[in-house]
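User: Hey, I'm new to this one. Can you walk me through it?
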Amino acid sequence: MTTRTLYLFGSAAPPVFDVARVIEDAQARGWDVCLGLTPAAAGWLEDSLDGLAALTGHPVRSQYKRPGDADVWPKADAILVAPATFNTVNAWALGLTDRFVVGVVAEGIGKGIPIATMPCVNAAYVRHRAFERSVQELREMGVSVLYGEGGFVPNQPGHREPYPWDRALDAVDGLVPAAQ
């Protein structure tokens, strides 16, 4: 029986194409998964959105609901933001909530929802000083940021190593252990 609800939020980075497998892996770990995507990621996965909704049993969301509309997802026990792009990490740390995914996680910090994130950025992006400041800011707000040793290590531009999805799922499992 599923006892935990995971909001899985993905940005437009190549690992988002693995999201169906990641959902299945999370479900096998006992998570009820709700998938949220940035608008760009939703565009990338446009042809798969109906299948992803069927896989999760919930609508895939990339936009805010209208005021007064019922929430179509159950309450989150944990949130995983992966892959988190340079833009998503920086917008989140700054509190720029024009995108649904960033708005939910920014509010999630205030609600005390356990949150983990794993960036997916190349080595050129991380040379920008804003990125390290954003990672530090998120960590100081209580977000488990899987970046560096034991998490995501940036690749050189144009080179892609396998994204460590298992580390991300292990992190949220550690935030909200399965009921015994």
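User: Which side chain does D173 meet in a salt bridge?
Analyst: Keep in mind that this is a predicted model. In it, the D173 side chain forms a salt bridge with that of R4, with 3.4 Å from N to O. D173 sits in helix α8 (residues 165–175) and R4 in strand β1 (residues 4–10), so this pair ties together parts that are 169 residues apart in sequence.

User: Is R4 buried or exposed?
Analyst: R4 counts as buried, because its relative accessibility is 4% and the cut-off for buried is under 20%.

User: How many salt bridges turn up in the whole structure?
Analyst: Seven. Another of them pairs R66 with D69, at 3.3 Å between the closest N and O atoms. R66 is exposed at 62%, while D69 is partly exposed at 33%. Through shared partners, salt bridges also join R4, R29, D170 and D173 into one network.

User: Switching topic: which residues touch the most other members of the largest nonpolar core?
Analyst: L8, F9, I79 and L80, in a core of 59 residues. Strand β3 (residues 78–84) gives the most to this core, with six residues.

User: And what is L80 in contact with, leaving aside its neighbours within four places in sequence?
Analyst: Its contacts include L6, Y7, L8 and F9, along with A116, T117, A168, L169 and V172.

Definitions and conventions
Residues numbered from 1 in each chain as written. Predicted model: local features only at pLDDT ≥ 70, side-chain atom pairs only at ≥ 80, totals over all residues. Heavy atoms only, no water. Core = buried A, V, L, I, M, F, W, Y, C linked by side-chain atoms within 4.5 Å. Buried < 20%, exposed > 50% of the residue type's maximum accessible area, 1.4 Å probe, protein only. Helix = DSSP H or I, 4+ residues; strand = E, 2+ residues; numbered from the N terminus. Contact = heavy atoms within 4.5 Å. Salt bridge = Lys/Arg side-chain N within 4 Å of Asp/Glu carboxyl O.
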